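Visitor: I have a protein model open and would like to learn how to read it. Please take the features one by one.

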Amino acid sequence: MSTTLNENLLLAAPLAPLAGSLITGLFGKAVGRKGSHRVTILGVFVSFILSAIVFNDVLHGASFNATVYEWMNVGSLKMEVGFLVDSLTAMMMVIVTFVSLMVHIYTIGYMADEEVGYERFFSYISLFTFSMLMLVMSNNFLQLFFGWEAVGLVSYLLIGFYFTRESAIYANLKAFLVNRVGDFGFLLGIGLLMGFAGSLNYGDVFAQGDKLATMTFPGTSWGLLTVACICLFIGAMGKSAQFPLHVWLPDSMEGPTPISALIHAATMVTAGIFMVTCMSPLFEHSDAALSFVTVIGAITALFMGFLGVVQNDIKRVVAYSTLSQLGYMTVALGVSAYPVAVFHLGTHAFFKALLFLGAGSVIIGMHHDQDMRNMGGLAKYMPITWITSLIGSLALIGTPFFAGFYSKDSIIEAVKYSHLAGSGFAYLAVVASVFVTALYSFRMYFMVFHGEERFRGPKHPDSPMGRAEAHGHGHDDHGHGHGPHVPHETPWVVTLPLVLLAIPSVIIGAIMIGPIIYGDFFSHGVAFDKVIYIAENHEGLKEMAEEFHGWVAMALHGIITPGPVWLAALGVIVAWFFYMKRPDLPVVVARTFRPIYVLLDNKYYCDKINEVVFAKGAIAIGRGLWNEGDVVVIDGIVNGSARFMGWFAGVIRFLQSGYIYHYAFAMIIGMLGLLTLLLTLGGK
C-alpha cells in the first residue's frame, strides 16, 4: 500500500459537506425540504466513507503532510492551506463525520414540524462539519485558526437558530463573547510561536521545541513556551468550556437538540482537547503549563458535576455532564496522558451524542416539554429511547464492559501515578466525580423513565409549562385544552441514530483500549516522531501497561476491587433511593442545606460575577472611552476644526467683495510685497 494518501481524496472529505451546505443554503427553496436534507446527508455520508477509507489506509501505514494551496508569502513566512493526516487526525475525521451523519438523519424527525428555517438548519450543520474537518486536518496554525473561528461562527448561528426567541439571542451572544475571550489568548499563543519560531507550520515549530524552551518571554523571567502554551490553553478553555469560560455551554441548550449532540458532545467542544494533544511536543517543555491545565480540568470535572444534580431541564443535565467529562479529558492532558485523553474523547463522543439525542427523543415524545418534573414512567411508552438512554447512562458512569468504563478508569489511574503539582487535588476531584456523575445521571434516568407518570396531572408549578398553565395557556397537543399529553415513541429517523450510537457506546472501549493506550496506534508521527508526544519517563503509563492484561481482565478487576466502580454503584443506589423509594427526601435535603442548594442553583454566581464585574466594567470602559475619547478628543478635534474654518471663512469673506478694482489693488499690493522680498534677499 502507498505510504502517501491521495490528495484529491483528502480534499473531497471536507468539500463534500461544504457542497451540500452551499446547495441547500443558496437553493434551499428551489430544492425543497426533502431535497435539502437529502443533499446534505449525501455530502456528509460521502465524507464519512472517505474518512473511513483514510482511517483504514492510516492503520496500514499511510500518512500525509503537505501544502494543498499556498495563499501568500510575507518575507520568509508562508501562509498555506495544508493537510496533516496521521492516526489522530484520521480518528477525529471518522468521529466527526459519523456523529454528524447520525445528527443529520435524526434532524429529519426532530425538525419535521418546523415551518421556517428547515433548509437553513441543514445548511448550517453541514457547514459546521466542513469547518470541523478543516480544523482537525490542518498542518499549520493559520488553517487551525480558520477552522477554530469557523466552528465558533457556525455554532453562534446554530445556538441562535430560533432568532425570534430572546433567550436564544442571549445564549448565542454569550457563547460568541465568551469564546472571543478564549480566542484572544489562542491568537496570542499562535503569535508568540510564529514570532520566535518564524513559521506557522506544525513541523517547523515542533522541530525548534528545544530552542524555544531555553527562551524567556521578553522583559520577564517566564519561560517563553510556558506563556505560549498557557495562551493556547486559554483558547481551549473557551472552546472546550473549562472553568471559568464554561458559562456559555449550558445556555447554548437554547438551540435545537441536534445541535447539542453535534457541537456540544462530539465535535466543537473537543476541539480544545484535540488542539492541546496536537501541541503536546510544546506542552511537555513546561511543567507549569501542565499543572495549570491539570488544576483547571479538575475544577471543571468536579464542580460542574455538582451543578448537574440540581438541574431539572433534561438537556441541561446532559450539558453539565459534558462539562464534567471535558474536565476529565483536560486532567488527562495535564498529567501528560495524551492517549488516555484522546481515548476518552472518542468514547465520550458516542455515548454523549446518544444521551443528547435520547433527550431530544424524550422531548419530542413529551410534546416539547423539557422539564423532568413533568415526566416519569416513559419506559413503557418509549421503549427504544428508554433502552438506548440506559445504555448511554451506563457508559457515562463507567459501568464495566461499557465504553466509558475503560476510558474513565484509565484517566483516574493516570492521574494517580502523576507527581505533577496539582495532581493530588486532581485525583481527589476525578474520583469524587465518579459518584457525582452516577448520581445526576441516574437521577435523570429515574425521573424520566420510571416512577409516577407525572405528565398525567398538572404540570409542576415551577416548570415553564406549569407557569404557562397558571396563566391559562395550558393545552393539549391539538390545542383544545382537554386531556393529558400521552407520550409516544419517536419515528425511525430519530430512533435509528439512537441504536447506531448505542452500539459503539458499548463496544468501542473494549476494542480500542489496547491499540490506543498500550499499542502502537500513535507510534508513527508525521510532524513529530510520534503522533502524540509521550515522555519517556512517564511512569504512570508504564505502570498501567504492566498491569493491563486485556479488556476482560480490566473490567473484572474493576468489579472486584473497591474503587471507582463501587463509587458509581453507590451513586446509582443513592439516586434510586432519593427519586424512586423516597421522592420526598430531595426537597428535605434542599431545605436543610439551603445555602448550598442556592449556591448550586445560581451556578456559583458565575453569571452574576460576569454581569456585575466584566459586563458592567466593559460598559463603564466603553462609556469612558465615548465621553473622553469620542466626545472630548475626536468630537473636539472635528468640531474645533469646523469652528476654526467657520471663523476663518468669516474673516476671508470680507476680502471677497466682488469689485474688480479691489482685486486689482490686492494684486498690486501682492506684487509690491513679492518684489520687496526678492530685492531684500538679493541684496543679502
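Visitor: Is the crossing of α1 and α2 left-handed or right-handed?

Guide: The crossing of α1 and α2 is left-handed. This is a predicted model, and in it the axes of helix α1 (residues 7-59) and helix α2 (residues 87-110) come within 8 Å, crossing at roughly 150°. The contact of α1 with α2 has 17 nonpolar, eight polar and no charged residues.

Visitor: At what angle do the axes of α3 and α4 cross?

Guide: Helix α3 (residues 118-137) and helix α4 (residues 141-159) cross at roughly 160°, and their axes come within 8 Å. Angles over 145 degrees count as roughly antiparallel, so α3 is roughly antiparallel to α4. The crossing of α3 past α4 is left-handed. Residues of α3 in the contact include Phe 121, Tyr 124 and Phe 128, and those of α4 include Leu 144, Trp 148 and Val 151. By class, the contact of α3 with α4 has 18 nonpolar, three polar and no charged residues.

Visitor: How far apart are the axes of α4 and α5?

Guide: The axes of α4 and helix α5 (residues 166-197) are 9 Å apart, and the two helices pack at an angle of about 175°. That angle makes α4 roughly antiparallel to α5. Among the residues in contact are Trp 148 and Glu 149 of α4, and Arg 180 and Asp 183 of α5. The contact of α4 with α5 divides into 15 nonpolar residues, one polar and three charged.

Visitor: Now the strands. How many bridges join β1 to β2?

Guide: In a regular strand, side chains alternate between the two faces of the sheet. Here strand β1 (residues 64-74) and strand β2 (residues 77-85) run antiparallel and are joined by nine bridges. Thr 67 is opposite Gly 82 in β2. The hairpin of β1 and β2 has two residues between the strands, and Gly 75 takes a positive phi near 65° there.

Visitor: Which residue other than glycine has a positive phi near 70°?

Guide: A negative phi is what most residues other than glycine have, and most peptide bonds are trans. Ser 336 has a positive phi, near 70°. Ser 336 is in the loop between α14 (314-334) and α15 (338-365).

Visitor: Is the peptide bond from Phe 243 to Pro 244 cis or trans?

Guide: The bond from Phe 243 to Pro 244 is cis, with omega near 0°. Pro 244 belongs to the loop between α8 (224-239) and α9 (248-251).

Visitor: Where does pLDDT stay under 50?

Guide: Where pLDDT is low, predicted coordinates should not be read in detail. In this model, pLDDT stays under 50 over residues 475-483, for which there are eight contacts beyond four places in sequence. For the protein chain, the mean pLDDT is 86, and 93% of the residues reach 70 or more.

Note on methods. Residues numbered from 1 in each chain as written. Predicted model: local features only at pLDDT ≥ 70, side-chain atom pairs only at ≥ 80, totals over all residues. Heavy atoms only, no water. Pairing = 2+ DSSP bridges. Helix = DSSP H or I, 4+ residues; strand = E, 2+ residues; numbered from the N terminus. Axes fitted to C-alpha atoms, helices over the stretch in contact; angles between N-to-C directions. Parallel < 35°, antiparallel > 145°, perpendicular 65-115°, else oblique. Left-handed = near helix turned anticlockwise from the far one by under 90°. Contact = heavy atoms within 4.5 Å. Nonpolar A, V, L, I, M, F, W, Y, C, P; charged D, E, K, R; others polar. pLDDT = per-residue confidence, 0-100.
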